[in-house]
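Please read it with the model open beside you.

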Amino acid sequence: MRLPKPSLRPNDWTLRNRLVLGSSLLVALGFFLSGFAAQSAYRTFLIDEVDTQLTTIVDNTLIRLDRAGIAGDNDGANQDESRPFRPLEPIRGVPSQAAITLIDFEGNVIGSVGGDLSVAKIEKTLDRVLERISYGSPFTLQSDGEDYRILALELPSGLGIAVASESLETVQENIDQLR
């Protein structure tokens with residue numbers, strides 16, 4: 001007995017086989033597109049959360065940065081602990097992975113606290129910050145395989161610029177877990 005030779009031409013297939021193949025391809029395409037859309041929406045959401053955190057940090061510390069600056073290594077040694085009233089003290093730390101850097105208008109870094117964004121990496125963005133291209137709106141700095149989200153605002157006194165930054169490493173880790 002001879003078995004029928006299978007044909008690779010779709011015209012020779014039964015209607016049921018063509019419908020099953022078409023439905024399977026459409027379902028696979030739907031899963032792929034929905035996964036891509038979910039990943040894109042999740043990344044946008046996480047970056048918006050980082051932007052909100054940076055905005056909150058800068059808004060809540062801008063006056064203090066303007067009036068007191070960032071604490072150096074020996075700032076705490078010279079303070080008189082017996083004073084009942086202390087004016088604004090310099091910022092000594094940031095309660096997250098964010099970093100705050102003060103820059104004057106000549107591009108000199110006055111001080112930096114918190115986070116893992118080095119002064120050298122901040123200096124790469126000085127042209128953009130000093131030209132006021134991105135004041136008040138966060139932007140992404142791509143540096144040596146790492147991405148950072150940066151927000152720059154001028155101090156109220158007009159003496160310099162406060163730059164808040166945060167690594168997008170945790171955003172990328174969360175996106176990788178989704179895959």
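1. Start with a term. A salt bridge is a side-chain nitrogen of Lys or Arg within 4 Å of a carboxyl oxygen of Asp or Glu. Keep in mind that this is a predicted model. The structure holds two such bridges.

2. Take the pair R9 and D12. R9 forms a salt bridge with D12, and their closest N and O atoms are 3.2 Å apart. That distance meets the definition because the cut-off is 4 Å. How exposed are the two partners, R9 and D12? R9 has a relative accessible area of 54%, so R9 is exposed. D12 has 43%, so D12 is partly exposed.

3. Now the other pair. D51 forms a salt bridge with R149, with the closest N and O atoms 2.7 Å apart. This pair links distant parts of the chain. D51 is in helix α1, residues 15-68. R149 is in strand β4, residues 146-154.

4. Is D51 buried or exposed? Its relative accessibility is 12%, so D51 counts as buried. R149 is also at 12% relative accessibility and counts as buried.

5. Look at the neighbours of D51. Leaving aside residues up to four places away in sequence, D51 touches P138 and R149. R149 is its salt-bridge partner.

6. Step back to the whole chain. There are four helices and five strands. From the N terminus on, the order is α-β-β-α-α-β-β-β-α. The chain has 179 residues, and buried residues make up 30% of them. Consider contacts between residues at least 6 apart in sequence: 50% of these join residues at least 24 apart.

7. Next, helix packing. Two packed helices are described by the angle between their axes and the distance between the axes. Here α1 packs with helix α4, residues 169-178, at an angle of about 160°. Their axes are 10 Å apart. The angle makes α1 roughly antiparallel to α4, because angles over 145 degrees count that way. The crossing of α1 and α4 is right-handed.

8. Which residues in α1 and α4 meet? From α1 come A38, Q39, Y42, R43, L46, I47 and V50. From α4 come V171, Q172, N174, I175 and L178. The residues of this contact divide into eight nonpolar, three polar and one charged. Find R43 in the list: Arg counts as charged.

9. Finally, visit a loop. Where does L155 sit? L155 is in the loop between β4 and β5, and β5 covers 161-167. Its relative accessible area is 9%, so L155 is buried. Again the cut-off is under 20%.

10. What does L155 touch, not counting residues up to four places away in sequence? The list is L62, L65, D66, L102, G160, I161 and A162. Pick out L102. L155 and L102 are 53 residues apart in sequence. In space they are 9.1 Å apart, C-alpha to C-alpha.

Notes:
Residues are numbered from 1 along each chain as its sequence is written. This is a predicted model: local features need pLDDT of at least 70, side-chain atom pairs count only at pLDDT 80 or more; totals for chains, interfaces and linings use all residues. Side-chain values use heavy atoms; hydrogens and water are left out. Buried means under 20% relative accessible area, exposed over 50%, partly exposed in between (1.4 Å probe, protein chains only). Helices (H or I, at least four residues) and strands (E, at least two) are DSSP runs, numbered from the N terminus. Axes are lines fitted to C-alpha atoms, for helices over the stretch in contact, and angles run from 0 to 180 degrees between N-to-C directions. Angles under 35 degrees count as roughly parallel, over 145 as roughly antiparallel, 65 to 115 as roughly perpendicular and the rest as oblique. A crossing is left-handed if the near helix is turned anticlockwise from the far one by less than a right angle, and right-handed if clockwise. Contact means heavy atoms within 4.5 Å.
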